[in-house]
Amino acid sequence: MRARLFAIGCLSLAPLVGCDPGADMDPTTDGGPAGDAGPAPFEVRLEHAEGEPIEDGDALEVETGCQGGHHVFVDVVAEGDGLDRALAEIEMREGGEAVAMQSARLAGTGGTATLRGWMFILGFGPPSGLPKDGTLRVTVTRDDGRAVSIERTVRQVEGAVCDPVCRYDDLAGTGALTEVMPPETTGCEAGPARLTFDFDSDAGLTEESATLEERLPADCVDALGLEVGAEVPVIRQQLLPGGATCQPVIYRLDVDRAPCEALCPAEG
């Protein structure tokens with residue numbers, strides 16, 4: 001039997017902070033602008049990459065990629081009206097803490113919006129502690145701000161490991177921040193932060209709307225000067241020839257971590 005849906009009365013992705021992710025809400029209700037209960041505006045499903053629904057207790061294979069990160073593959077399906085430009089945010093929670101988070105637009109046609117084969121990156125380096133439990137949560141938000149969330153308890157198990165070693169050439173540059181999504185944490189508790197920026201290098205290479213995700217303590221976002229309009233050092237890693245199955249470009253933050261380490265010595 002399919003697990004219960006959790007409909008969240010939030011107006012955008014940001015209001016996930018402050019909503020109770022564990023609240024046991026009726027699956028047919030959704031909060032409107034005034035927080036009143038009403039019919040859920042659309043249905044959301046989480047599926048395995050093979051198209052089977054993800055149920056509570058299902059195993060998800062954590063694959064180790066060619067560039068050294070680890071990830072799972074999932075499908076997100078939303079059905080209803082007004083989903084042509086719906087935004088999906090997915091996160092993995094362990095012990096009540098968000099350990100990974102990503103967002104992407106769904107592709108919508110004829111009342112159905114999907115994101116198939118979503119490679120949800122859980123972290124970099126070999127996965128640790130497998131097998132282990134987690135909560136997979138996805139929130140889909142329409143342009144009008146109506147949002148529906150569902151979550152499943154899953155068992156993370158070891159999956160395939162990519163054999164080729166990816167080699168990259170580092171290119172230093174500057175990222176002009178256009179969007180900053182801070183961690184869904186407070187104080188020195190670390191969580192995934194997402195940065196969108198326009199990249200510019202001394203070598204003349206530029207890229208608009210590049211993104212990177214990095215695990216940071218919440219207080220370090222301000223301490224490191226990560227705000228819209230700021231220019232921060234960024235490294236662009238370009239895949240060298242011979243790694244066809246590797247991610248072609250990876251960005252990473254190259255800021256001085258001293259202010260973060262002063263605030264949060266254990267996390268900085």
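Is L106 buried or exposed, and what is its relative accessible area? In this predicted model, L106 is buried, with a relative accessible area of 5%.

## L106 and its surroundings

L106 lies in the loop between strand 5, which covers residues 97-105, and strand 6, which covers residues 107-109. When neighbours within four places in sequence are left aside, the residues in contact with L106 are V76, A78, D84, A86, A88, A113, T114, L115 and V140. For one of these, A88, a distance between C-alpha atoms can be given: the C-alpha atoms of L106 and A88 are separated by 6.7 Å, while the two residues stand 18 residues apart along the chain.

V140, which is also in contact with L106, has a list of contacts of its own. Leaving aside neighbours within four places in sequence, V140 is in contact with F42, V44, V76, A78, L83, A86, L87, A88, L106, R146, A147 and V148.

In soluble globular proteins, nonpolar side chains tend to be buried together. The largest nonpolar core of this model has 28 residues, and L106, L136 and V140 are those with the most contacts inside it. The elements that give two or more residues to this core are strand 1 (42-48), strand 2 (58-64), strand 3 (69-80), strand 4 (87-94), strand 7 (112-124), strand 8 (132-141) and strand 9 (147-161). Strand 7 provides the largest share of this core, with five residues.

Apart from this core lies another one, of 20 residues, and L177, V221, L224 and L226 are among them.

An open sheet is built from five strands in the order 12-11-10-13-14, and the pairing is antiparallel. Strand 12 (206-217) and strand 14 (249-253) stand at the edges, each with a single partner strand, so one side of each is left without a neighbour in the sheet. On average, and with direction ignored, neighbouring strands of this sheet are turned by 40 degrees against each other.

Strands of a sheet pair through backbone hydrogen bonds, either parallel or antiparallel. Strand 10 and strand 13 run antiparallel and are joined by nine bridges, and G173 has V234 in strand 13 as its bridge partner. Strand 13, which spans residues 231-239, is in turn joined to strand 14 by five bridges, and these two strands also run antiparallel. Two positions in strand 14 illustrate this pairing: R252 is the bridge partner of I235, and I250 stands opposite Q237.

## Aromatic rings

A pair of aromatic rings is described by the distance of the centres and the angle of the planes. The count of aromatic pairs comes to two. For F197 and Y251, the ring centres are 5.2 Å apart and the planes stand at 85 degrees, so the pair is edge-to-face. This pair links distant parts of the chain, with F197 in strand 11 and Y251 in strand 14, 54 residues apart.

Both F197 and Y251 are buried. Together with F199, F197 and Y251 form one aromatic cluster.

## The two disulfides

A disulfide is a covalent bond between the sulfur atoms of two cysteines. The structure holds two disulfides. One of them joins C188 to C264, with an S to S distance of 2.0 Å. The torsion about the S-S bond of C188 and C264 is about -80 degrees, so this disulfide is left-handed. Distant parts of the chain are linked by this pair, since C188 is found in the loop between strand 10 (168-181) and strand 11 (190-201), whereas C264 is found in the segment after helix 2 (258-263), 76 residues apart. C188 is partly exposed, at a relative accessible area of 31%, whereas C264 is buried, at 2%.

The other disulfide joins C220 to C260, and here the S to S distance is 2.0 Å. The torsion about the S-S bond of C220 and C260 is about 80 degrees, so this disulfide is right-handed. The pair again links distant parts of the chain, with C220 in helix 1 (residues 218-223) and C260 in helix 2, 40 residues apart. C220 counts as buried at 0% relative accessibility, and C260 counts as buried at 2%.

How values were computed: Residues are numbered from 1 along each chain as its sequence is written. This is a predicted model: local features need pLDDT of at least 70, side-chain atom pairs count only at pLDDT 80 or more; totals for chains, interfaces and linings use all residues. Side-chain values use heavy atoms; hydrogens and water are left out. A disulfide is a pair of cysteine sulfur atoms within 2.5 Å. Helices (H or I, at least four residues) and strands (E, at least two) are DSSP runs, numbered from the N terminus. Buried means under 20% relative accessible area, exposed over 50%, partly exposed in between (1.4 Å probe, protein chains only). Two strands pair if DSSP finds at least two bridges between them. Axes are lines fitted to C-alpha atoms, for helices over the stretch in contact, and angles run from 0 to 180 degrees between N-to-C directions. Rings of Phe, Tyr and Trp (its six-membered ring) pair if their centres lie within 6.5 Å; planes under 30 degrees apart count as stacked, over 60 as edge-to-face and the rest as tilted. A nonpolar core is a set of buried Ala, Val, Leu, Ile, Met, Phe, Trp, Tyr and Cys residues joined through side-chain atoms within 4.5 Å. Contact means heavy atoms within 4.5 Å.
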